[in-house]
Amino acid sequence: MQHWLVKQEPEDYSWADLVKDGRTAWTGVRSFAARIHLRAMKRGDLVFFYHSVTDKEVVGIARVAKEAYPDPTAEDGDWSCVDLAPAKRLDQPVSLAAIKSDPILKEVLLVKQSRLSVMPLTEAQFGRMLKLGKTRM
């Protein structure tokens, strides 16, 4: 199993929206680096859900429900999306400040490449995020 983090502005699509919907197609990603990550996601992989811009915190964990397929919102180009389903809300959100100050998490691409919307996490980074979020899987 691999681990991931996706970013989304809560005004556009929040964790609460994902929970309400029960599943969503993660469409609209138009970054070549993020596309590589989307295509590497496997069914069952765990994905941290990060609220960007306003809240700047990890708030929940989703699962990849469907592996990469052509993004139906793409008008041109070879873009992909995956389906995500909510797995669990973090017991305590993990702020960007906490991520930046943590020795294990300071190397996360969220810190290094802040515009990247889909990124991998190492096993150690995933475990540390769970611990900071006071959450068990």
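1. K20 is exposed, with a relative accessible area of 65%, where exposed stands for over 50%, buried for under 20% and partly exposed for the range in between (1.4 Å probe, protein chains only). Its side chain meets that of D21 in a salt bridge at 4.0 Å, N to O, a term that requires a side-chain nitrogen of Lys or Arg within 4 Å of a carboxyl oxygen of Asp or Glu. D21 is partly exposed, at a relative accessible area of 41%.

2. A word on the basis of these values: this is a predicted model, in which local features need pLDDT of at least 70 and side-chain atom pairs count only at pLDDT 80 or more, while totals for chains, interfaces and linings use all residues. Residues are numbered from 1 along each chain as its sequence is written, and side-chain values use heavy atoms, with hydrogens and water left out.

3. The structure holds six salt bridges, and among them is the one between R30 and D71, whose side chains meet at 3.0 Å, N to O. This pair links distant parts of the chain, since R30 sits in the loop between β2 and α2 (32-40) and D71 in the loop between β4 and β5, 41 residues apart. R30 counts as partly exposed at 38% relative accessibility, whereas D71 counts as buried at 5%.

4. Six strands form an open sheet of mixed pairing, in the order β2-β5-β4-β3-β1-β6; strands (E, at least two residues) and helices (H or I, at least four) are DSSP runs, numbered from the N terminus, and two strands pair if DSSP finds at least two bridges between them. The edge strands, each pairing on one side only, are β2 (24-26) and β6 (118-121). Strands β4 (residues 57-70) and β5 (residues 80-95) pair in the antiparallel sense over 10 bridges, and V58 stands opposite V94 in β5.

5. T24, found in strand β2, is buried, with a relative accessible area of 16%. Leaving aside neighbours within four places in sequence, T24 is in contact (heavy atoms within 4.5 Å) with Y13, L18, V82, D83 and L84.

6. K7 lies in strand β1 (residues 3-8) and deserves a careful look. K7 is buried yet has no salt bridge, and the nearest side chain of opposite charge, E9, is 8.4 Å away; here Lys and Arg count as positive and Asp and Glu as negative, with His and the chain ends not counted. Not counting residues up to four places away in sequence, K7 touches residues including W26, Y50, L110 and M119.
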